[in-house]
Structure formats: structure tokens, C-alpha cells
Amino acid sequence: MQLTALDLTDFRSYEQLSLSVQPGITVLVGQNGQGKTNIVEAVWYLATLSSHRVPHDAALVRRGEATAIIRASFLRAGRPVQIDLEVTPGKANRARLQGQNVSRLRDLLGEVRAVLFAPEDLGLIKADPEGRRRFLDELLFEIAPRFASVKADYDRVLKQRSNLLKQMRSMRRGGSGRSVGGLDPADSASSTLEVWDQQLARFGAELLRARLHLVNRLRPHLGYSYLRVSSDEGAEQALDLPPDQRGNLSSPADVSYRSSVLDELGTVPGDLPSTREIHDAMLAMLSTRHDEEIDRGVSLTGPHRDDLEIRLHDFPAKGYASHGESWSLALALRLASYDLLRLEEGDLGDGEPILILDDVFSELDVHRRERLGRIITDASQVLVTTANDTDIPDSLDGEMHVVDVSLGSAVPREGGL
């Protein structure tokens, strides 16, 4: 798919911006703090309904204003797609698709496909599991948007169950309290907890299996992409392997989905238990850990505790991989995502995503920079932000459309780089 036009109103540093975007490579050039990242952040927000920079929407609205508006036009599978999104912190955001109101914001997921690589992605290797779970869910929702509803249901049940566990902890420490309607409060809470167990296992099993299935499909692309970004020979386009041959490669990089529920089932990498098997194992584990959960006031079993384990030379990458190896692994994860989205087009077709590189080239050494350029040069549409023209690698071949960005404006440059 291709972005053709982007209009911003009171989004970040832009009071008003109208930008036409061409196929191929578009380079947004400007000094730090001028608003380059704000432009690609708006595109990423339409794809994922989240920012790669901040956890809350308040920072997306220009200071002094109540609402930010993102309007974007795309071409997907030969048809135009028009999306209008109003971001209003403290209230429900509103959206229109093809001029029609969208009843639920998450119904936008899957309409815009993008892969973004930014300096923050080093956290996928070095930081806590939360970022890796978010990476998986964002990719999952682009491929299969219905799982956004499953995740929302799971989060709702998890919150209710965790609140109940805290109440039960207070009752345990302070006594059962007075009976209500002849029912012992502790007995009533225990019965309610069993109901929440059933709901958590139901939605948790769906989400866990979907994530596991995604990781199984991602694994061969991850190993292959790591070889490409970590060696000059692997980055050569002549060595580009078709997807069905990538699983046969021997690569030092690997990835697996880690879950206590899968450990209980004895699952090994590549296995895919049924939803029923995962549900039953999770429900049994929830039941056996009630006392511990009440003592701690938290839910200890489920997808919210899982992790995407990234390994290099059969060691955990976190704490083992060097800084350069960590960059290669982060790049490989995003490139693997890009390949998977190209293969799994979804119901709308035209699955090739928009590739966004947000201030990445300046973070990479010259060898990785040139390799990445060779790998992505044939992408349908690439959006690049950079502070310096000289950071763009020579290997990123093809016609480049350059946009000079200064505070509050973005102006196409005559003549390119």
C-alpha cells in the first residue's frame, strides 16, 4: 500500500500541514526538534492506534489545543482509502473511514499497514518484556485485526480479576467482615474469582495461541534477516531467498514465545497446541495459584506475564548480545515483520506495508547502514527521517523525494538529494 497525502491539524508541532507523498523513497530532512518524527508518528498512529514515543495521547496534541486531527489518503490494492482521525485526550477518539463514522476505533486496525524502525527499538532487545509483548500485538493486529477485540476483552477481565484479588487480600489480612444476605464475604469472593478464572482462561487462550502462531511464522524470517543485516554477503540482493527456503538456513538468531502455560504443556519451539489445550492448562494453573495470587494481590498466570525470548548463539540476547549485535537483532525483528506482512496480505490484499525508518541511519555503523540500504531498496514505499543528507547510504538506490522540514513546515526540495 502507499501513502499519497497526509494532512495534520494541531498534531504535535504542526498547526497545519498538507503533504503529498510519492511512491518510492521519501526522505524527511531537518535538524533535531523540527518535527520530522512527528510526521511519521502520525502514519504509525493510523496503523497501530498508538505512538512509538509516548504511552498517552496528550503529547500528540499541540500545546494549548484540545484536539489533533490526522487525515491521510492511501492506495491499497488499487483502491483509495481515506482515514480521518480526531485525537482528544481525556475523551474517546473518533474516526471516519471513507467518510463514514467508525463505531469502534479499533475497527481501523488492519486498514493501514506499516513497519516502523526507530532508535527506541533497541529496547526490544535490552528492555523489559512489556515492549516485546507490544511489538507482537501490534504486528498481530495488523495481520488479524479481530485479535484487538480479544486483547481488549482479556485486559478488561484481567483488571477486574486483579481488583478482586486485592480485595481478597484485604479481607484475608483484616478478617472476613460482616456477612451480606447470609453469605460469607470470603466465600462470595471465591465464587466470583472462579468466574473470572473462566473468563481469563477463555480470552487468554485465544490471545496466547495467536501470539504463538505468529512467532512460529516469524522465526524463519528473523533468522534470515539477521544473517542479512549482520554480514555483507547476506545483504546482497542476489542472495535473496524465497520465504519457503528461509527455514532451512542455519542462523545464530532465534526467537521463541515463553509462557508458563506452554511450559506446563511441555511445548517446544514450533509446536502449536490447540486453544482448548491452552485454555485447560491455564485454568488449572489459575486455580492452583489462588493463595499465592491473593497474598500478592496480582494475577500471576496469563499472556500479560509472557515474553518474546530472543536468542543469539543459543544465549539470551538480553545481557549477552553486544551493542552492535543488539542493533542487528532489532533490525532483523522489524525486517522479519515487514516480510511477514508482505506474505500475509489479509482480506484487503496489497499487504506490502509502508516502511518507516525514523532516524535510524545515524544510529547504525556504516556497514549496517549500507546493508540495510541494499535490503530495502526495492520496497514499494519508504519514509526516512534524518538530520543529515549524508547519513543516507549510497546503497539505498532509486529516485528519492526529499522534504525539508523546519518547525511547523515541510517543503519538497527541488532536485532531490
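## Briefing on a predicted model

At 4% relative accessibility, Trp327 counts as buried, where buried means under 20% relative accessible area, exposed means over 50% and partly exposed lies in between, judged with a 1.4 Å probe on protein chains only. This is a predicted model, in which local features need pLDDT of at least 70 and side-chain atom pairs count only at pLDDT 80 or more, while totals for chains, interfaces and linings use all residues. Residues are numbered from 1 along each chain as its sequence is written, and side-chain values use heavy atoms, with hydrogens and water left out.

**Aromatic rings**

- The structure holds 2 aromatic pairs, a pair being rings of Phe, Tyr and Trp (its six-membered ring) with centres within 6.5 Å, called stacked if the planes are under 30 degrees apart, edge-to-face if over 60 and tilted for the rest.
- Phe117 and Trp327 form an edge-to-face pair, with 5.9 Å from centre to centre and 75° between the planes.
- Because Phe117 lies in strand β8 (residues 114-117) and Trp327 in helix α10 (residues 323-343), this pair ties together parts that are 210 residues apart in sequence; helices (H or I, at least four residues) and strands (E, at least two) are DSSP runs, numbered from the N terminus.
- Phe117 counts as buried, at 2% relative accessibility.
- The rings of Phe315 and Tyr320 have centres 4.8 Å apart and planes at 20°, so they form a stacked pair; Phe315 is partly exposed, with a relative accessible area of 45%, and Tyr320 is partly exposed at 39%.
- Arg146 lies over the face of Phe147, at 4.1 Å from the ring centre, a charge being over a ring if NZ of Lys or CZ of Arg is within 6 Å of the ring centre and within 35 degrees of the ring normal.

**The nonpolar core**

- The largest nonpolar core has 126 residues, and those with the most contacts inside it include Ile39, Phe74 and Leu329; such a core is a set of buried Ala, Val, Leu, Ile, Met, Phe, Trp, Tyr and Cys residues joined through side-chain atoms within 4.5 Å.
- Helix α5 (residues 185-230) gives the most to this core, with 17 residues.
- Leaving aside residues up to four places away in sequence, Phe74 touches several residues, among them Met1, Leu46, Val112 and Ile354, where contact means heavy atoms within 4.5 Å.

**Positions listed as a binding site**

- An unreviewed UniProt entry lists Gly30, Gln31, Asn32, Gly33, Gln34, Gly35, Lys36 and Thr37 under "binding site", and such annotations may be inferred rather than shown by experiment.
- Gln34 lies in the loop between β3 (24-29) and α1 (36-48), and is partly exposed, with a relative accessible area of 22%.
- Thr37 lies in helix α1 and is buried, with a relative accessible area of 17%; not counting residues up to four places away in sequence, Thr37 touches His52, Arg53, Asp358 and Thr385.

**A sheet of 3 strands**

- The 3 strands form an open sheet in the order β9-β10-β11, with antiparallel pairing; two strands pair if DSSP finds at least two bridges between them.
- The edge strands are β9 (253-258) and β11 (315-316), each of which pairs on one side only.
- Strand β10 (residues 307-312) is joined to β11 by 2 bridges, and Leu312 stands opposite Phe315 in β11.
- Arg258 is found in strand β9 and touches Asp263, Asp306, Asp307 and Glu309, not counting residues up to four places away in sequence.
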